[in-house]
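Subject: Structure handover and notes

Dear colleague,

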Amino acid sequence: QVQLVESGGGLVQAGGSLRLSCAASGRTNRRYDMGWFRQAPGTTREFVAAIMWSGGSTHYAESVKGRFTISRDNAKNTVYLQMNSLKPEDTAVYYCAVVSSDGSSWSGKYWGQGTQVTVSS
């Protein structure tokens, strides 16, 4: 079992930046691939970004490519999501998760509680 705690959300103006953090505890000795998802009101949760355990491979949703950067510090058991050039449509609750892929989509487990990101226009 892995416990995940997100932080770093908040209110920012369009064009601004935020950095989200996800601290893992529990069975952190496992080599988990990690990712971020988001869910806006009235929508389904969607994949945002993923990073492999080694940090050598990253994946992004088309909507955030070039603006968001996922990274990790395995020594600190922490995953980050740097979000730049934020848009109002990025407004959502952002969730950290242990992720896996079937080659065409991403799924998550061991979800965190989420952190709210609100981008004003």
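The notes below take the disulfide, the sheets, one threonine and the aromatic pairs in turn.

This is a predicted model, in which local features need pLDDT of at least 70 and side-chain atom pairs count only at pLDDT 80 or more, while totals for chains, interfaces and linings use all residues. Residues are numbered from 1 along each chain as its sequence is written, and side-chain values use heavy atoms, with hydrogens and water left out.

A search of the whole structure finds one disulfide (a pair of cysteine sulfur atoms within 2.5 Å). This disulfide joins Cys-22 to Cys-96 with an S to S distance of 2.0 Å, and with -80° about the S-S bond the link is left-handed. The pair connects distant parts of the chain, since Cys-22 belongs to strand E3 (residues 18–26) and Cys-96 to strand E9 (residues 92–101), 74 residues apart; strands here are DSSP runs of at least two residues, numbered from the N terminus. Both Cys-22 and Cys-96 are buried, where buried means under 20% relative accessible area, exposed over 50%, and partly exposed in between, with a 1.4 Å probe and protein chains only.

Strand E3 also takes part in an open sheet of four strands, in the order E1-E3-E8-E7, with antiparallel pairing (two strands pair if DSSP finds at least two bridges between them). The edge strands are E1 (2–7) and E7 (68–73), each of which pairs on one side only. Six bridges join the antiparallel strands E1 and E3, and Leu-4 has Ala-24 in E3 as its bridge partner.

Elsewhere, strand E4 (residues 34–39) is joined to E5 by five bridges and runs antiparallel to it. E4 and E5 form a hairpin with six residues between them, and Gly-42 in the turn has a positive phi of about 75°. Strand E5 (residues 46–51) is mostly covered, five of its six residues being buried. Three bridges then join E5 to strand E6 (residues 58–60), again antiparallel, with Ala-49 opposite Tyr-60 in E6. The hairpin of E5 and E6 has six residues between the strands, and Gly-55 in its turn has a positive phi of about 80°.

Thr-115, found in strand E11 (residues 115–120), is buried, with a relative accessible area of 10%. Its side chain reaches the backbone nitrogen of Gly-9 at 3.1 Å. Leaving aside neighbours within four places in sequence, Thr-115 is in contact (heavy atoms within 4.5 Å) with residues including Glu-6, Leu-20 and Tyr-94.

Finally, the whole structure holds five aromatic pairs, for which rings of Phe, Tyr and Trp (its six-membered ring) must have centres within 6.5 Å, with planes under 30 degrees apart counted as stacked, over 60 as edge-to-face and the rest as tilted. Phe-37 and Phe-47 have ring centres 5.8 Å apart and planes at 80°, so the pair is edge-to-face. Phe-37 lies in strand E4 and Phe-47 in strand E5, so the pair ties together parts that are ten residues apart in sequence. These two residues, Phe-37 and Phe-47, are both buried. Tyr-95 and Trp-111 form another edge-to-face pair, 6.3 Å centre to centre and with 90° between the planes. Tyr-95 is buried at 13% relative accessible area, whereas Trp-111 counts as partly exposed at 34%. Ring pairs link Phe-37, Phe-47, Tyr-95, Trp-106 and Trp-111 into a cluster.

With best wishes

Technical notes. Polar contact = N/O pair within 3.5 Å; in protein donor to acceptor, adjacent residues only side chain to side chain.
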